[in-house]
Amino acid sequence: MERPIPNHLRIPIKRIMIIGGAGSGKSTLAREIGDKTGLPVIHIDPMYWSPGWVQRPAAETMALSLEAAARPEWVFEGNHSASMAARIERADTFIFLDIPTPLRLWRVVVRTIKHYGRSRPDMPPGCSERFDWEFLKFVANYGKNGRLRALDLMQSLPPHLDVFHLKNRGDVEAFLKNLSKPNASTRKVEAA
């Protein structure tokens, strides 16, 4: 069940799943959580793409995703719907980055300019950034399809998950501020 971000978040987390539209900050948040907690970060995009923006076969993407989800600890970012149930089953924390479309579009354009002609850190080598109008249309339309599916998914998440619906940078910063390193202590959340 979704709950407000507490003032003190001391959860011995082991597996965090992050979803959201392109440009929502999934990769950035995953890296920030990884830096703060020491948890290994897994990006879904290298499981989708081979060099030259060649899409991997669906079975290969699924196998890579399931292998990664079986690891004991992770921050796993990405929207691969085929492996979502397996990742949800293994996760202890679920984050939906529900960032407004104009900001996501802006971020996609900025990252394209910043990395133009080179692969971003969360992408496989040989997938150089480029302007792709079809992708920008996909980003713009996320609110009409992907966001609605994510909101529906949040309503059916199992009770073992701590769920966070982060809607802006302030929410993200509050979450990070209250995040501590995993430890062997009992799971504890102190309310605000």
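How many of the 6 residues of strand E2 (residues 15–20) are buried, and is the strand enclosed or open?

Mentor: This is a predicted model, in which local features need pLDDT of at least 70 and side-chain atom pairs count only at pLDDT 80 or more, whereas totals for chains, interfaces and linings use all residues. Residues are numbered from 1 along each chain as its sequence is written, and side-chain values use heavy atoms, with hydrogens and water left out.

Strands are DSSP runs (E, at least two residues), as helices are (H or I, at least four), and both are numbered from the N terminus. In E2, 6 of the 6 residues are buried, so the strand is largely enclosed by the rest of the structure. Buried here means under 20% relative accessible area, with exposed over 50% and partly exposed in between (1.4 Å probe, protein chains only).

In a regular strand the side chains alternate between the two faces of the sheet. Both faces of E2 are covered: one side carries Arg15, Met17 and Ile19, the other Ile16, Ile18 and Gly20, and all of these are buried.

The neighbouring strands come next. Two strands pair if DSSP finds at least two bridges between them. E2 pairs with strand E6 (residues 74–77) in the parallel sense over 4 bridges, and Arg15 stands opposite Trp74 of E6. E2 also pairs with strand E7 (residues 93–97), again in the parallel sense, over 5 bridges; there, Phe96 is the bridge partner of Ile19.
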